[in-house]
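The sequence and structure are shown here.

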Amino acid sequence: MSTHDTQAADVPEMPAPRVREFPARSVGGGLALLLGLVGLLAGVGLVVAATTVPAAGVRASLIVAGALVAFAAFLAMSGLNMVAPGEARVVQLFGRYRGTIRQDGLRWVNPLTSRAKISTRVRNHETAVLKVNDAYGNPIELAAVVVWRVEDTARATFEVDDYLEFVSTQTEAAVRHIAIEYPYDAHDEDGLSLRGNAEEITEKLAAELHARVEAAGVQIIESRFTHLAYAPEIASAMLQRQQAGAVVAARRQIVDGAVGMVEAALARIAQQDIVELDEERKAAMVSNLMVVLCGDRAAQPVLNTGTLYQ
């Protein structure tokens with residue numbers, strides 16, 4: 001089984017959503033506001049007109065009619081909603097989901113419904129600095145920032161208790177899971193590591209986050225690690241290890257370059273027939289050149305006034 005399949009198996013399988021977002025039935029609120037104001041004025045006018053009628057029965061009827069008209073107009077006007085850009089209204093009627101209003105401006109819906117405001121703007125969530133053990137068991141500290149927004153208002157409202165807390169908890173869980181799956185630094189060149197393969201790891205983090213928060217109707221736009229370091233108790237030891245690795249790599253490069261220079265020198269001497277060297281003289285020359293080329297300090301020349309064998 002591949003690493004990707006293993007990670008997919010570790011992600012909890014969320015239940016299928018029971019409800020999905022669809023547009024609510026609404027009309028422009030300008031006409032509804034105008035009719036409501038006309039109804040209120042008509043109700044008030046009936047009550048005022050009742051005071052001028054001498055007959056008690058007619059006066060009472062006008063007062064009741066005016067009160068009913070004003071109440072009906074006020075009730076109708078309670079269906080008005082002001083929706084700002086980047087917001088939505090989740091509409092419910094007696095507990096049933098009746099759709100979502102996303103169109104901004106003044107809208108009118110059934111006044112008997114309840115409308116819950118939910119933000120659809122882009123948000124940031126930054127985790128605290130988490131202390132976990134990587135794949136090699138080394139304690140590390142890491143933190144991440146996630147850019148997200150609500151994509152399905154119905155699922156965000158009805159599928160989870162609090163979608164803000166849900167995103168926060170699932171983000172922390174995904175970051176911890178990614179951290180224990182990979183080492184901070186890979187010992188082999190082909191292995192993935194948190195420090196050396198940041199782009200690949202963040203892609204896997206985004207994929208896991210999407211699988212975790214999809215049930216809440218949340219879209220993950222981007223995710224990045226904002227802090228990644230060894231824990232303080234092992235930071236100095238790991239720094240020495242990194243420095244030792246750098247020194248070894250530098251020495252290896254120096255030796256490879258020195259060997260190439262020695263080979264070129266021997267080949268050119270033989271090609272131009274400058275001097276004839278037997279195996280012992282070649283060995284001495286190679287030894288001297290390697291000392292000069294690989295030494296940390298400048299070599300001190302020693303003059304040989306005799307022959308090579310003396």
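Phe94 lies in the loop between strand S3 and strand S4 (96–101); helices (H or I, at least four residues) and strands (E, at least two) are DSSP runs, numbered from the N terminus. Phe94 is not a glycine, yet has a positive phi of about 55 degrees. Most residues other than glycine have a negative phi. Buried means under 20% relative accessible area, exposed over 50%, and partly exposed in between (1.4 Å probe, protein chains only).

The model is predicted, so to speak of local features needs pLDDT of at least 70 and side-chain atom pairs count only at pLDDT 80 or more, while totals for chains, interfaces and linings use all residues. Residues are numbered from 1 along each chain as its sequence is written, and side-chain values use heavy atoms, with hydrogens and water left out.

**The chain as a whole**

The chain has eight helices and ten strands. Of its 310 residues, 31% count as buried. Contact means heavy atoms within 4.5 Å. Among contacts between residues at least 6 apart in sequence, 70% join residues at least 24 apart.

**Cores**

A nonpolar core is a set of buried Ala, Val, Leu, Ile, Met, Phe, Trp, Tyr and Cys residues joined through side-chain atoms within 4.5 Å. The largest one holds 35 residues, and Trp148, Leu205 and Phe225 touch the most other members. Elements that give two or more residues to this core include strand S3 (87–93), strand S9 (139–150), helix H5 (163–181), helix H6 (198–213) and strand S10 (218–230). H5 gives the most, with seven residues. Leaving aside neighbours within four places in sequence, Leu205 is in contact with Ala144, Ala174, Val175, Ile178, Ser223 and Phe225. A second, separate core has five residues, among them Ala24, Val83, Val91 and Ile101.

**Helix pairs**

Axes are lines fitted to C-alpha atoms, for helices over the stretch in contact, and angles run from 0 to 180 degrees between N-to-C directions.

| Pair | Axes come within | Crossing angle |
|---|---|---|
| H2 (residues 29–50) and H3 (residues 56–77) | 7 Å | roughly 165 degrees |
| H5 and H6 | 9 Å | roughly 140 degrees |

H2 is therefore roughly antiparallel to H3, and H5 is oblique to H6. Angles under 35 degrees count as roughly parallel, over 145 as roughly antiparallel, 65 to 115 as roughly perpendicular and the rest as oblique. H2 passes H3 in a left-handed crossing, whereas the crossing of H5 and H6 is right-handed. A crossing is left-handed if the near helix is turned anticlockwise from the far one by less than a right angle, and right-handed if clockwise. Residues of H5 in contact with H6 include Phe166, Ala174 and Ile178, and those of H6 include Ile201, Leu205 and Leu209.

**Two strand residues**

Arg224 is found in strand S10 and is partly exposed, with a relative accessible area of 33%. Its C-alpha atom is separated by 8.9 Å from that of Glu199, 25 residues away along the chain. Glu141 is found in strand S9. Glu141 and Lys131 are ten residues apart in sequence and 4.5 Å apart in space, C-alpha to C-alpha.
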